[in-house]
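Student: I would like to learn how to read a structure such as this one, feature by feature. Could we go through it together, with the general idea before each case?

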Amino acid sequence: MSAFNAIGEEREIDRDEFTPGVEPQPTWCPGCGDFGVLKSLKQALPEVGKTPEEVLTVTGIGCSGKLNSYLDTYGFHTIHGRSLPVARAAKLANPELEVIAAGGDGDGYGIGGNHWIHTARENHDITYIVFNNEIFGLTKGQTSPTSPKGHKSKTQPSGSAKTPLRPLSMSLNAGASYVARTAAVNPNQAKEIIAEAIEHDGFAHVDFLTQCPTWNKDARQYVPYIDVQESDDYDFDVHDRREAAEMMYETEDVLKEGTVLTGRYYIDDDRPSYQQEKSAVGEMPDQPLAERYFDEDSEWERSYDLLDRHK
Amino acid sequence: MSDDELIWRVAGGSGDGIDSTSQNFAKALMRSGLDVFTHRHYPSRIRGGHTYVEIRAAAHEVQSRGDGYNFLLSLGDSFARNPQEEAYYGNEEIKPLSENLDELREGGIIVYDEGLVSEEDVEEINLEERAEENDWHVFPMDLRGLAKEHGREVMRNTAGVGVTAALLDMDLEHIEDLMSDAMGGDILEANLEILHEAYDMTNEEYEFEHDLRAPTGSHDTEQALLSGSNAIAYGAIDAGCRFIAGYPMTPWTDVFTILSQNFPDMGGISEQVEDEIAAAALALGASHAGAKAMSGSSGGGFALMSEPLGLAEMTETPLVLVESMRAGPSTGLPTKPEQGDLEFVLYTSQGDSSRVVFAPGTIEEAYEQTRLAFEIAWDYQIPVIVIYDQKLSGENKNVDVEFFDREPAPDLGSTLTEEELKEAAHDASGKFKRFNYEDAENNVAPRSLPGQKGGRYLATGNEHSPVGHIEEDPDNRVAQMTRRIEKLDTIRDELDEEHPSNQTYYGDDDADYGIITWGSSHGAVAEAVERLNEDGHSVKGVTVSDMMPFPEAEMTEFLESVDEAMVVEMNATAQFRGLIQKELGLFGEKMTSLLKYNGNPFEPAEVVEGYEVNLAEEDREPTAQVRIEPAAGD
């Protein structure tokens, strides 16, 4: 008998269940790409059979961090850049939970970059959505790790001298087993990719282009966009590391010139998730740890039985 | 300085096996019926550098390393540098002998390996002359030769133990038993041979003129030899902690290692992660999802935990962190103890802090207070920090085995079951009022866990409404903030009612001079107070463990009962005295401080001298590397 009966519940799920019945209403600016992420999650979650109470959405700080205020699941709105370590531990403590982490480009690729690299490296079975608007929105328009070179802002008045970070390539190299890019202006693809990412067993990283009409007016609205799987101009094997790497590199390059390429970039269904790796070396409990505290039959080991080595 | 005790110092190079040798010898002394206490000195160089371990053994209780020592087994440094390095470091081989002489008591014994250090080197350090002056008894033995003859060179430790046993007239039985537990086959055979050969040779070669012998004693109950780090780890295990995340840093690494090694067999999870921000954030995430989780570090790593710590306070997520202090600031003295992180641990992270901080003073308290830390953290949904230091972390002491014979306590405290959630308050949309300040008993609003039916809510580092939504309404702010802060008052009440033993009192109850200390300085201070009273002074002492919430009533009573008090702590700015003044708003003119920050813990004699200088208002400085900080107004 589980102590967590929201998990694995079989029933019809209405997407409206993911909308909070009482305030708050989203305070994102009109035309903000963040609405696109919220909408695609509300569509994808029922589609993959997840109920609000078996999902834990962990966010960082920034406009993106408000996601779990407007998505009615269990939520943890953490601190700047730290959604991933919180999320992956929740998944280890209760592997039956569906854990989704989210944050912005400053949050995930800047201040939280170290956690992103290591979470990808370890291939934790969580979904990571990065709201990439190539700018700091909540703090009013400073240059971010993905802002293009030459980007002018209050903190880079002469234009940024920095080359933007390559989120897809980085994630691939770090070890993510699912890497995709989608855009708020492409809702159907976004929903499909989010659903795939949730179902993927391993670290699924979705770089989600979210236009910022307030602080990044010069930037494109990410239209027109091209789906690399649909277009005849691109042909690569999404399961092949080298081909994926090349496609990512090109995608990151052409974005600077205004060509918006999106789609699935890398999928490795064979790589075991971190939890499986940890089980294989005998360091994961068979029973979810969170369940054990409610299990009245559980025999708790005690230090008294370890004392022989000290006598 | 008592004559009925042995303080045996084994010195050698890093890598000479000092640790295992001393551990086994300490156990042998414990099994023979003595109380033992060990002190480990660490070199501050990575490669080489010599080191020592001291074992103090007596038929009576021993609470500190004692003053000086009376038996030196100098193995010499077999890992001595290459010839080029000698220019920088001098002759390394002789250092375990030459650099340990200053603290050797009069009449003490010296055993050194003449198979390793040359006669000329020994002459150069004037050993003979110094021995005469101090009435030392010197026994050169070819430990290396003996080891090589019957086994391998690394076994010269065993030869040293054999010589020690002969000189102290100890029975070899316990030493043999411990060797048999640890090894087997040819290696055991060779070691046993070396042990006996060394024992016999010593008896044959020398006429003993020294008085020192191993004390004899007996225990009524079975004993176990444990370090402070063991005790903290075991307290966590018995509290049902099964998740730890960390990043290596001396000296915290010991607790992390012990739990990482034990958890796989206990259904626990250990995670070594990319940095300490992640470590604390993982513990927080695991706790949020329902595990009893902990993390920890030493000062530098704990600095990175400030933000997750604040998040735990704001989201009322139970969490236990341990902080193993070493001398700072910055990298400081990485392998030396200090009590310099108190203010840092009490207040770090933005905003008003709402956390509990315990500072155990002994091995037993390390266990008790870690257990208590989990109980309070999960009952009150508050982060609890156990602050200790390199000294308590590494020292070993014998503890009654029965002390650990108790029920585990994996209870999740104020966490609801799905059944209970049905009865709990929800908002109109069905969201659980996780932070409901209206019915909060003891200022605690019970929590749900992700995956439970009917429990969904938002946890956020922003100020929030009862269901967790970001909320800036002033009334809500005041209600939530007040409730979180006032938990500390409730916890204080509980501690006063149920755990008055967190403070330890000793000495003469009627004295009008008080000595106050905290944490791991306890042992040296308690012994000093005992000695002062034996010598005709009248002194009472208290060791405080509750740093936050502060034991106001107890400390007021103590300070009111004395005319003067001396606060003893291992830091340069009298942090604990400052805390007492801050918390009580009084007594500044009564308290002087005895401070030590040279990287070594207090010895009882230094506290005694500090008292003498202080009380007599003698116009002299203490001889030890300590500092006296006058009372306010002086």
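This is a predicted model: local features need pLDDT of at least 70, side-chain atom pairs count only at pLDDT 80 or more; totals for chains, interfaces and linings use all residues.

Student: In which loop does Pro224(A) lie?

Tutor: Pro224(A) is placed in the loop between β6 (204–209) and β7 (225–227) of chain A. As a general idea, most residues other than glycine have a negative phi, and most peptide bonds are trans. The bond from Val223(A) to Pro224(A), however, is cis, with omega near -10°. Chain B has a cis peptide bond between Gly328(B) and Pro329(B), where omega is about -5°, and Pro329(B) belongs to the loop between β11 and α15 (342–347) of that chain.

Student: What is the phi of Asn123(A), and is the residue buried or exposed?

Tutor: For burial we count neighbours: a residue is buried if 20 or more other C-beta atoms lie within 10 Å of its own, exposed if 12 or fewer, and partly exposed in between, with C-beta atoms placed from the backbone. Asn123(A), although not a glycine, has a positive phi of about 60°, and it is buried, with 24 other C-beta atoms within 10 Å. Its place is in the loop between α5 (113–122) and β4 (127–132) of chain A. Asp135(B), in the loop between α5 (127–134) and β6 (137–141) of chain B, also is not a glycine and has a positive phi of about 60°, but Asp135(B) counts as exposed, with 12 C-beta neighbours inside 10 Å.

Student: How many helices and strands are there in chain B, and what is its radius of gyration?

Tutor: Chain B has 23 helices and 22 strands. The radius of gyration is taken over C-alpha atoms, and the globule rule is 2.2 Å times the number of residues to the power 0.38. For the 634 residues of chain B, a compact globule would have a radius of gyration near 26 Å, and the chain has 27 Å, which agrees. Its C-alpha trace spans about 90 × 60 × 55 Å along the principal axes, and 55% of its residues count as buried. Chain A has 10 helices and eight strands, and 56% of its 311 residues are buried.

Student: What is the order of the strands in the open sheet of chain B?

Tutor: Strands of a sheet pair through backbone hydrogen bonds, either parallel or antiparallel. Here two strands are said to pair if DSSP finds at least two bridges between them. The open sheet has seven strands in the order β9-β8-β10-β11-β13-β12-β19 (chain B), with mixed pairing. At its edges stand β9 (269–272) and β19 (546–548) of chain B, each with a single partner strand, so one side of each is left without a neighbour in the sheet. Inside the sheet, β10 (residues 293–297) and β11 (residues 319–325) of chain B pair in the parallel sense over four bridges, and Met294(B) has Val320(B) in β11(B) as its bridge partner.

Student: How many residues does each chain give to the contact between them?

Tutor: Two residues are in contact if their C-beta atoms, placed from the backbone, lie within 7 Å. By that rule, 58 residues come from chain B and 56 residues from chain A. On the side of chain B that touches chain A, the largest share, eight residues, comes from α12(B). Strand pairing also crosses between the chains: three bridges join strand β2 (residues 74–77) of chain A to β15(B), and the two run parallel, with Ala459(B) in β15(B) as the bridge partner of Phe76(A).

How values were computed. Residues are numbered from 1 along each chain as its sequence is written. Chains are lettered from A and ligands numbered from 1 in the order in which they are written.
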